[in-house]
Amino acid sequence: MKRILTICGAILLNAGIAFAQDKPVEAPHDMQHMHHGGFMQGGMHHAAAKGVVLDAKVDAAAHTVTLRVGPMNLPANTSHMKMPQPPDLVWEVPMEGWLLAYHPRLVDASGNAVPGTVLHHVAFWNENRADFLCPNKEEHIFGAGSEMTDWTEVPGYGYGVRKGDKIRIETMMYNPTATSYDKAYLEVAIPFQEAAGDASAATPRKNVYPAWMDVASCGNSGYDLPAGKSEKAGTVTVKYDGVLLGVGGHLHDYGKQIVLEDVSRKETVATLDAKADAEGHLESVPVKLFVQEGGYKFAKGDVLKVSATYDNSTGKLLRDGAMGIAVGYFVAADDTKMAGLRRNSKPSHDMSGMSHDH
Ligand SMILES: [Cu+2]
């Protein structure tokens with residue numbers, strides 16, 4: 001497929017640690033990002049949804065920040081190609097510390113639940129850090145699709161952030177249901193712990209690094225899904241000693257299974273069988289935890305293989321319809337070695353698959 005560069009505007013929000021109702025601030029266009037193909041497919045441009053902004057509310061007492069993307073109008077029976085899509089939005093982290101968990105949900109303007117089936121994908125990227133498995137990409141710190149993956153806290157661990165880190169939020173909606181939703185919002189509640197602050201939060205967390213082991217290796221995640229049964233596999237090499245605390249998975253509709261193997265050790269790390277409804281719409285992908293055993297050991301140089309199987313019952317090829325990603329948390333044996341992944345200045349985006357494309 002011919003991929004064409006497109007420039008997406010970004011909105012920067014400066015959220016202070018306060019109860020104040022933070023007003024979103026539109027940044028001048030120096031915050032623009034170059035994307036590789038993400039919003040251009042088959043020569044068709046996604047229409048941009050107007051008026052979608054990012055709101056960040058910090059509840060200092062509850063140590064939780066809630067990010068809210070919206071409002072979005074979602075007409076019934078609309079594919080992700082036809083749906084006007086929100087622009088990329090940027091959250092600037094207001095404190096030093098750790099993000100502990102991610103709890104996504106969809107609501108309407110009155111706070112009533114909207115079904116997760118209308119979320120095609122959301123992805124959070126830390127623009128100030130490189131991915132430890134694929135340094136050509138930014139660190140992908142959280143993602144969810146229709147299965148609305150809830151990322152729960154792993155006690156004692158957290159994702160380290162610095163004040164001013166820019167977290168880019170890519171949201172893609174669709175609506176395969178017969179019900180239209182007006183003014184829908186995607187909310188992600190993120191409990192956090194400050195590095196230094198009140199005495200109760202004094203015990204530092206161990207740093208985790210999100211591990212995205214993709215059937216597309218270090219390229220763009222989205223691929224064309226053929227009709228019927230199919231399998232795609234990719235490999236990635238671990239460059240640090242450490243442990244994997246657990247692994248979940250990301251698939252799209254008609255996804256069946258994700259298998260993660262450590263080829264160097266000739267071992268299956270995890271087999272994850274997806275749950276879907278009668279039409280094949282993805283409902284959930286299980287999570288396998290190794291925390292009890294102290295984590296699944298990876299050695300520098302280990303080759304990991306991830307494979308995804310699908311059974312596309314539509315009878316036709318679905319353009320950019322699939323992804324297959326095993327997602328886990330990695331803890332380095334020597335955390336100081338991970339410091340080199342920090343990017344202090346804005347990176348010049350390369351062309352090798354920066355965005356989580358659809
Ligand atoms: Cu996806």
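Let me begin with the rings: Tyr102, Phe124, Phe142, Trp151, Trp212 and Tyr329 form a single aromatic cluster. Rings of Phe, Tyr and Trp (its six-membered ring) pair if their centres lie within 6.5 Å; planes under 30 degrees apart count as stacked, over 60 as edge-to-face and the rest as tilted.

Before I continue, please note that this is a predicted model, in which local features need pLDDT of at least 70, side-chain atom pairs count only at pLDDT 80 or more, and totals for chains, interfaces and linings use all residues. Residues are numbered from 1 along each chain as its sequence is written, and side-chain values use heavy atoms, with hydrogens and water left out.

By the pairing rule, the count comes to 12 aromatic pairs. Phe132 lies in the loop between strand 11 (119-130) and strand 12 (138-144), and Tyr240 in the loop between strand 19 (228-237) and strand 20 (242-251), so the pair ties together parts that are 108 residues apart in sequence. Strands here are DSSP runs (E, at least two residues), as helices are (H or I, at least four), numbered from the N terminus. Buried means under 20% relative accessible area, exposed over 50%, and partly exposed in between (1.4 Å probe, protein chains only).

I turn now to the metal site. Which protein donors does the copper ion have? They are His121 (ND1), His250 (NE2), His252 (NE2) and Met323 (SD), lying 2.2 to 2.7 Å from the ion. Donors are N, O and S atoms within 2.8 Å of the metal (3.2 Å for Na, K and Ca); water is not among the atoms, so sites may look incomplete. In sequence, the donor residues follow the spacing H-x128-H-x1-H-x70-M. His121 lies in strand 11 and Met323 in the loop between strand 28 (318-322) and strand 29 (324-332), so this pair ties together parts that are 202 residues apart in sequence. His121 counts as buried, at 3% relative accessibility, and so does Met323, at 0%.

Finally, the protein as a whole. It has 0 helices and 29 strands. Of its 358 residues, 55% count as buried. Among contacts (heavy atoms within 4.5 Å) between residues at least 6 apart in sequence, 82% join residues at least 24 apart.
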